[in-house]
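My notes follow in the order I took them.

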Amino acid sequence: MSTIPYLKLEKNEPILMVDEKPFVILGGELHNSSGSDLEYLDTVVWPSLRKLGGNCYLTPVYWECLEPEKNKFDFTLVDGVIKQARREQVHLVLLWFGLWKNGSSSYVPHWMKQDLQYFYMKGQDGKLMESVSPFCEAAIEEDKKAYEKLMEHLRDTDTEHTVIMMQVENEVGVWGHPRDCCEQAEQVFSSTVPEEMMEFAKEDEVRGTTWEEVFGINACEYFMAWSFAKAVGKIAEAGKKVYSIPTFMNCVPNGMGVSDLAGSCPSGGPVPRVHKIWKKEAPAIDLYGPDIYIPMFKRISTPFALEGAFVLPETGGGNDVVAKALYSMAAYNTICYSPFGIEALMNPISENDLLAQTNQETGSWFPNLGEELAKVYRVLGLYWQILKEARRDGRVAAFIREGEFGEEFHLGSYTISVYYDDTPPLPGIQVRIPKRKESAPLGGGFILQENEDTFLLCGVSANIIIEPEYGSKDQVFFLDKREIKLTETGLTDGRIFNGDERNYLVLGSELTIQRVRFYHREK
Ligand code: DGJ
């Protein structure tokens, strides 16, 4: 019998083990409401996902459906989606939509919504937010109980390990206000900071004992991070005790990456600057990942990836969806790549559908992006472990366009220039590259150094120059350049690009893969 999914350290990096084999999630997250109707999943969602060919999908478990009446649990939806996923031969990550979903308590059961003992947060204006306060112990106990029941149920019924990870809550934080100002929160905020938090204070800035006096400008955010982390930590720990599959949390990362101050994203959510607090108060959470819907992908993702593993539970499915997938897998120790609203990417939803009006970032108006992502997943399925090794050895260059003209890399004895504009200044050669269509995907991909003089190029919308390292006296020439085709059975050699096609390394609007080899001559 196989063991349950777990995280294992490999060369100091956590990797996800499923049935005792390393696993990477190449999938997507379903729209919020798709998992609430098994027939809809069956008739609309799976037919669309089949075309993508991912290996794992992220889908919510709704507390309001799991415990419609207090202490009465209904696993119909959970069992149903697991059964369907098994039929589709894919794994699932379940998202626990419990007390908090995007900072609100919209998924708590109706009985809780209408019971005043489960008190809500208040803003600075004294108005209620539609969100249970993390100081409401009674509510946390109820969430904990429900999540525990869910985990017990998975432990007892999911013996095939269809579910491989849990996301605990969703985009936690105070939205629109620096902190919770309900009476209970006020009382704690004006009291002495608990001893366990003092290690995060800067000694020379401490002016007293209350949160404001100890943490100054960071007081509200630290206060909320502490209170949410304690609450979510309790819930996650209860679940881990009964069934210890890996857990993670998603978050709204700070603004455009330009502001590092509290207030640039939901306050207290697990963004990198407060991970130290989250890690201390919620040790049952294994990983943290950003939901990235804005440009500046590198800037937002890098601080998360630097912690050892990169989990991307949500990202926009627009024209950067291919670049981000290739980049994530070549640049980081990525465990999960998952565009949001994935069913719509493969199967553009009708304009009349509410989804078309609410979740525009799914990019469903770029009709062939889904097919391109399907190709990328097949290539990454073959290459992700090779890329992981190459990254550790410094043999891969990952690139993604973030507005710049180009990027430069150094691999072995070669300099590699990646240009995103239409006409790169190729030395000595007048090149005319056809103008890319406006809807062309964002440039991105990787260059893998397979051996000293051989490179595999994979990506979209970029022009590449590979030449000897600056200052080198080496005489280096093209040995050959080969088209690599993605076929039913994997990657196979295609045309030999010589003559006119030899000089330009151009990655087009569709996924392009080429292998180039060089040779040296002394005279
Ligand atoms: C982020 C949330 O975490 C998702 O559940 C979903 O609401 C997306 N935003 C859609 O924009």
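**Entry 1: strand β10**

I began with strand β10, residues 247-251, and found it mostly covered, with five of its five residues buried. Remember that this is a predicted model. Which residues of β10 sit on each side? I noted Thr247, Met249 and Cys251 on one face, and Phe248 and Asn250 on the other. Side chains in a regular strand alternate between the two faces of the sheet. Here both faces of β10 are covered.

Next I checked the neighbours of β10. Strand β9 (residues 163-170) pairs with β10 in the parallel sense, over two bridges. One pairing I wrote down is Met166 with Thr247 of β10. On strand β11 (residues 287-292) I counted four bridges to β10, and these two strands also run parallel. Phe248 has Leu287 of β11 as its bridge partner, and Met249 stands opposite Tyr288 of β11.

**Entry 2: nonpolar cores**

How many residues does the largest nonpolar core have? It has 125, and the residues with the most contacts inside it are Trp96, Leu154, Trp211, Phe215, Trp278, Leu373 and Phe446. Helix α8 (residues 219-242) supplies the largest share of this core, 14 residues. Apart from it I found another core, of 20 residues, including Ala397, Phe399, Ile464 and Phe518.

With neighbours within four places in sequence left aside, its contacts include Val61, Trp63, Leu66, Tyr147, Leu150 and Ile235. Among its other contacts are Asp143, Gln167, Glu169 and Asn170.

**Entry 3: salt bridges**

A search of the whole structure gave me 31 salt bridges. As a reminder to myself, side chains of opposite charge can pair when their charged atoms come close.

Lys11 with Glu389 was one I wrote up, with the closest N and O atoms 3.7 Å apart. This pair links distant parts of the chain: Lys11 is in the loop between β1 (6-10) and β2 (13-18), Glu389 is in helix α14 (residues 369-393), and they are 378 residues apart. Lys11 counts as exposed at 58% relative accessibility, while Glu389 counts as partly exposed at 31%.

I also looked at Glu307 and Lys279, whose side chains meet in a salt bridge at 3.1 Å, N to O. Glu307 is in the loop between α10 (297-305) and β12 (310-312) and Lys279 is in helix α9 (residues 275-281), so the pair ties together parts 28 residues apart in sequence. Both residues are partly exposed: Glu307 has a relative accessible area of 36%, and Lys279 is at 42%.

The side chains of Asp320 and Lys324 meet at 3.2 Å, N to O. Is Lys324 buried or exposed? At 3% relative accessibility it counts as buried, because the cut-off for buried is under 20%. I finished this entry with a network: salt bridges that share partners join Glu10, Lys11, Glu13, Glu389, Arg391 and Arg392.

**Entry 4: two loop residues**

Ser461 is in the loop between β19 (454-460) and β20 (462-468). I have it down as buried, with a relative accessible area of 5%. A polar atom of the Ser461 side chain lies 2.6 Å from the backbone oxygen of Pro441.

Glu488 is in the loop between β21 (476-487) and β22 (490-496). I have Glu488 down as exposed, with a relative accessible area of 77%. Its C-alpha atom is separated by 28 Å from that of Pro313, which is 175 residues away along the chain.

Definitions and conventions:
Residues are numbered from 1 along each chain as its sequence is written. This is a predicted model: local features need pLDDT of at least 70, side-chain atom pairs count only at pLDDT 80 or more; totals for chains, interfaces and linings use all residues. Side-chain values use heavy atoms; hydrogens and water are left out. Buried means under 20% relative accessible area, exposed over 50%, partly exposed in between (1.4 Å probe, protein chains only). Two strands pair if DSSP finds at least two bridges between them. A polar contact is a pair of N or O atoms within 3.5 Å; within protein, one must be able to donate a hydrogen and the other to accept it, and residues adjacent in sequence count only if both atoms are side-chain atoms. A nonpolar core is a set of buried Ala, Val, Leu, Ile, Met, Phe, Trp, Tyr and Cys residues joined through side-chain atoms within 4.5 Å. Contact means heavy atoms within 4.5 Å. A salt bridge is a side-chain nitrogen of Lys or Arg within 4 Å of a carboxyl oxygen of Asp or Glu.
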